[in-house]
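The following exercises ask you to read a structure with care, one step after another. Please work through each task yourself before you turn to its solution.

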Amino acid sequence: MSKSNQAHSQEYVRFGISQRLEHGIFLVSFSLLGFTGLIQKFAESPISLFFIELMGGVETTRIIHHWSAIVMMLVSVYHVLVLLYKILVLRVPWTMMPWLDDLKHVLQDVAYYLGIRKQRAQYGHFTYAEKAEYLAVVWGTVLMGATGFMMWNPISTARFLPGEFIPAAKAAHGAEAILAVLAILLWHFYHVHLKTFNKSMFTGKLNREQMEHEHPVVLQQIESGAGPKPIPAETLKKRQMIYYPLAAVILVSFSFGLYAFIGYENTSITTVPRGETVEVYVRVTPVPRPTATMAPSPTPGAGVSSNSWDGSFEGLFRNRCSTCHGTTKVGGLTLAKYKDALAGGKTGPGIVPGEADKSVLVQVQQQGGHPGQLTEEELQSVIDWINAGAPEK
Amino acid sequence: MSFNHETSPRSAPRRAAANKKLLLLFCGLCACALLLLGLGNSPAAAAAPRQEASPTLGPLSLDDSYCLSCHGQPGSTMKLEDGSTLDLFVDPNEYSHSIHGEKGYACVQCHRQIGEYPHAPFTAKDRRDAALQLYPACYFCHSGEYEATQDSVHARAFDAGNKEGAVCTDCHTAHAVRPINDPATGKIRPDAHLWIPETCAQCHNAIYQKYRNTVHGEALINGNPDVPTCIDCHGVHNISDPTTNQFRLNSPDICTSCHTDPKRMDKYGISTDVLTTYVSDFHGTTVTLFEKQAPDAQTNKPVCYDCHGVHDILRVDDPQKGLHVRENLLKRCQVCHPDATADFPDSWLSHYIPSPDKYPMVYYVNLFYYFFLIPVVLGGMGVLVVMDFGRSMINRFRKNPGGSSEEASHV
């Protein structure tokens, strides 16, 4: 028991604070990207609809996706800068690089799984599982970044590449997302959460037993004192003189790249395209309806007084009244002939010569509102004519 | 048209039963009328209206010949308050050939308040006012259609103060109402298809002039009844406002109700994949999501008519103006993407499903991922994970068979 306790209490630094922070930020942005991306890819499924609505609609979902992508790009460039510093300045061994040894380890592990070999392969600082995952992240980030750029900036892309690259980028972006998310769920979750719950990415430390089990070669190196030797200050400075300009170049080009990503082009208008542009309300010219031709009153002949039936009133009544009181005898009245006008209709004599007040025509017209209402002037002339004896000629 | 578009087939038997009752009622009424009035010339009673409640028979003491003795003669007019003249002439020939005339409806069944001559005073500010006073008579028999119009864009324009907003008689006329449906089939009469755009054209002539030269309009004029007329997209009676966000978001449903129907499209060799290919693209995804989640919201992502035209819809393979011509498509793209260059239109798959012939790059990217990279990577990982898990299970069992197995997996 005491040995076991000792083994547990002995701790080895596995990940520095910077690496853990990188992992944390990458984890958050990756999860957000995968989530907001896949619900867009499968937008028609009810689950996606639920989450898209929860996030405030597809436009908001896209904004979250874009911002997560920017965060991931920032972490990635930070990682590149740190990596270059380690390689160029500190000249530490590139422990994440896969070598032929890793292939050998896979085969050894398979042999072990099958019971041919007694023990697992002797992994170095990173196992082939971790290396495979790291490679997948690098490949995935580069591919997603490139295809994401094409979709974010389709106009600029089509200037330099065939337009078909954009839907092809969309296809690759979506398929790669499925691959990445499934690989994380299958490979990453199995190795660091299911198999053993490895908390070193959060605590930064491994205990002796974990080291023995997962990184025996490293443990051996540490215990034999074969750690990295301190670098003389002068050499360090020399190397830094090379590194800093390089880092500056990378930073500047990355900043330009990020600017290009976000604000390179105005992809589309922000207004709604106009629908129908012609005037909506345009009447056709109506076909004229048939109208009665108003026959002009005949010029009074010789011996015909203008203030007489023949001279004025036959014409007036024909024009204004004959629709109802002509051939048709509404109410029994027709004003077509002098004689009939005097006779009147059902309600009494139409015209009583000399007595306008007793003439039903005048009585009706004076009430107003008659369908063939005469103007006041016309009515007065009729009254005057009747009071003058209503001469026929 | 209303019969076809607004009555569900399920209600047909009920209606038949109702018609039977109505018929009996009318036989009774006929007999009464004959007895009381001694008039055999009331054909209105013989023809039961097909649809809704029968018109309450007004004072049938006035037969049409009485009215037409004045109104049947051209030139009968009255002065309105604004000085214009109202034509009081009703063409007896035209009326007798209208659906109402054919069925023998009498003037006074609509003009109920008119009474015998001399009429009660009728005043109207102008001719429009006169029409507006008279058209509610349609409600007596066609209350369903009348009420449907109350939600329409026409009624809303009217309520907002535009007195030209169409009312019943503007489309159907007052005295020359034509039957649009064939009573035998319940479908629009073949010759009536053409009447529809002509009717709308009375007020929307500029749009009609566009429509008549389109793929749909041209076919219609050439006698093809398969193509949509105005009402197929805009509806009848409760015609909605086509300028709203909601209409815009719903509009793909209108087009695809025909364009995804193989029965209609196969005849013309037109693809029915237009909806799925649209929805799977960025534009269509957004529009569909908006339609489902925020049907009133504004989106500028294109719907069918932004590319294919609103009323000026052309064949895509039109040699001059069709979207198959690259420059034409680019111009459409540039409406929303002003900076688009010559290669940009290829970023839209033109409703094609990628194949080795059409958009091969997309096809091969999908092939590479779904038939190679994903299966190989995940398969490889899966095999190793399963073997690793299997080995740890075996180890655990061997080391501590049947018991708890703390740290059993450690060799």
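A polar contact is a pair of N or O atoms within 3.5 Å, where within protein one atom must be able to donate a hydrogen and the other to accept it, and where residues adjacent in sequence count only if both atoms are side-chain atoms. The model is predicted, so local features need pLDDT of at least 70 and side-chain atom pairs count only at pLDDT 80 or more, whereas totals for chains, interfaces and linings use all residues. Residues are numbered from 1 along each chain as its sequence is written, chains are lettered from A and ligands numbered from 1 in the order in which they are written, and side-chain values use heavy atoms, with hydrogens and water left out.

**Exercise 1. Describe the interface between chain B and chain A.**

Step 1. Begin with contact, which means heavy atoms within 4.5 Å; on this rule 75 residues of chain B touch 81 residues of chain A.

Step 2. Turn next to buried area, the accessible area (1.4 Å probe) that two parts lose on being put together, summed over both. For chain B and chain A this area is about 6,900 Å², and carbon and sulfur atoms give 64% of it. Y117(B), Q293(B) and D388(B) supply 9% of the area that chain B buries against chain A, which is more than any other three residues supply.

Step 3. Count the polar contacts: the rule finds 26 residue pairs across the interface, with both residues at pLDDT 80 or more.

Step 4. Ask which elements take part, remembering that helices (H or I, at least four residues) and strands (E, at least two) are DSSP runs, numbered from the N terminus. Several elements of chain B each supply at least two residues of the side that touches chain A, among them α4 (64-71), β1 (77-79) and α22 (360-399). The largest share of that side, 20 residues, comes from α22(B).

**Exercise 2. Find salt bridges that cross between the chains, and place their partners.**

Step 1. Recall the rule: a salt bridge is a side-chain nitrogen of Lys or Arg within 4 Å of a carboxyl oxygen of Asp or Glu. Between chain B and chain A the count is 5 salt bridges, and over all chains the whole structure has 22.

Step 2. Consider D388(B) and R120(A), whose side chains meet in a salt bridge at 3.1 Å, N to O. The pair runs from helix α22 of chain B to the loop between α5 (100-113) and α6 (128-152) of chain A.

Step 3. Judge the cover of these partners, given that buried means under 20% relative accessible area, exposed over 50%, and partly exposed in between (1.4 Å probe, protein chains only). Both D388(B) and R120(A) are buried.

Step 4. Now take E164(B) and R283(A), which form a salt bridge at 3.9 Å, N to O. E164(B) counts as partly exposed because its relative accessibility is 32%, and R283(A) counts as partly exposed because its relative accessibility is 43%.

**Exercise 3. Examine a salt bridge within chain A.**

Step 1. The side chains of E223(A) and R208(A) meet at 2.2 Å, N to O, in a salt bridge. E223(A) lies in helix α11 (residues 216-223) and R208(A) in helix α10 (residues 208-214), 15 residues apart.

Step 2. E223(A) is partly exposed because its relative accessibility is 48%, and R208(A) is partly exposed because its relative accessible area is 21%.
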